[in-house]
Amino acid sequence: MLSTLSADFRIIFERDPAARNWLEVLFCYPGLQALLLHRLAHWLHHVGLPFIPRLISHLARFLTGIEIHPGATIGYGVFIDHGMGVVIGETAIVGDYALIYQGVTLGGTGKQCGKRHPTLGENVVVGAGAKVLGNIQIGNNVRIGAGSVVLRDVPSDCTVVGVPGRIVYRSGVRVAPLEHNNLPDSEAEVIRALVNRIELLEEQIQNLQGIHSSNTKTPVLAGSVACQEAELLEKAPVCSLRDKAIQQFLDGAGI
């Protein structure tokens, strides 16, 4: 227990450049306070004590704005940054060294019994306002962008963005957990690819219209017109609906 509390304390200095000294962290960081109270409530809940664990959870919510059910399992060295509005459900499991920002919900999607909340692996980063809902598995080293809504399993070493959350693979790219500006925008990439295709098609149509208009002024054989059109289409770049950006977007739709 003491080693876990020590890890909760030390991880703040590693991940928050605003952390100045131990006194400030101990008394002015609601994420740490909520975790300390939760670990006490979780232990009492585990030994089967009624009412008191929920009361401690309720008091922690009142003091910190962070609601963690006593039944939730929180790993080693977890950091809840700022934390206002964070909700972690009863059967949620948060792996070691997870980083959770304000407004995050690890919740359920119905009133079913048993495991109904998500399981987060190690070194997971959940951005501000993100919602991870249902009995789903989030792999190790996953980064969930701010405001994303994740409803299905996510494999390890992926980045998830959007509503619903879409997977964007970041093979071989290391990104620090605080660098949220480096999150990719999959929707913007797809829109850009579609705009480029529309411009290309418009250019081809204008060229074909130019051929037809010139041939109305100077009559030629129909076969000659067809040959010119075929030659133009052959020279045009080949664009497939299986472009990389679009395909990645479609593959990740709804995860």
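View A. H4 gives the most, with three residues. The patch covers about 870 Å² and is made by Met 1, Leu 40, Trp 43, Val 47, Leu 49, Phe 51, Ile 52, Leu 55 and Leu 59. Patch members have over 30% relative accessible area and no salt bridge; nonpolar side chains (Val, Leu, Ile, Met, Phe, Trp, Tyr) are joined within 5 Å, like charges within 9 Å. A salt bridge is a side-chain nitrogen of Lys or Arg within 4 Å of a carboxyl oxygen of Asp or Glu. Areas come from the Shrake-Rupley method with a 1.4 Å probe; for residues, only the protein chains shown count as cover.

The model is predicted: local features need pLDDT of at least 70, side-chain atom pairs count only at pLDDT 80 or more, and totals for chains, interfaces and linings use all residues. Residues are numbered from 1 along each chain as its sequence is written, and side-chain values use heavy atoms, with hydrogens and water left out.

**View B. Val 47 sits in the loop between H3 and H4.** Val 47 counts as exposed because its relative accessibility is 51%. The classes are buried (under 20% relative accessible area), exposed (over 50%) and partly exposed (in between), with a 1.4 Å probe and protein chains only. Val 47 is one of the patch residues.

**View C. The largest nonpolar core holds 30 residues.** Ile 88, Leu 106, Ile 138 and Ile 144 touch the most other members. H3 and strand S14 (158–161) are the elements that give two or more residues to this core. Apart from it lies another core, of ten residues, among them Ile 11, Val 25, Phe 79 and Tyr 101. A nonpolar core is a set of buried Ala, Val, Leu, Ile, Met, Phe, Trp, Tyr and Cys residues joined through side-chain atoms within 4.5 Å.

**View D. Leu 106 and its contacts.** Neighbours within four places in sequence are left aside. Leu 106 is then in contact (heavy atoms within 4.5 Å) with Val 87, Ile 88, Gly 89, Ala 92, Val 94, Ile 100, His 117, Pro 118, Leu 120 and Val 132.

**View E. Two aromatic pairs are found in the whole structure.** The ring centres of Phe 9 and Phe 13 are 5.5 Å apart and the planes meet at 65°, so this pair is edge-to-face. Rings of Phe, Tyr and Trp (its six-membered ring) pair if their centres lie within 6.5 Å; planes under 30 degrees apart count as stacked, over 60 as edge-to-face and the rest as tilted. Both residues lie in helix H1 (residues 2–15), four residues apart, about one turn of the helix. Phe 9 is partly exposed at 23% relative accessible area. Phe 13 is partly exposed at 34%.

The other pair is Tyr 76 with Tyr 97, edge-to-face, 5.8 Å centre to centre and 75° between the planes. This pair links distant parts of the chain, 21 residues apart. Tyr 76 is in the loop between strand S2 (73–74) and strand S3 (79–80), Tyr 97 in the loop between strand S5 (93–94) and strand S6 (99–100). Tyr 76 is partly exposed at 26%, as is Tyr 97 at 31%.

View F. Most residues other than glycine have a negative phi, and most peptide bonds are trans. Tyr 97 has a positive phi of about 60°. The peptide bond from Val 163 to Pro 164 is cis, with omega near -5°.
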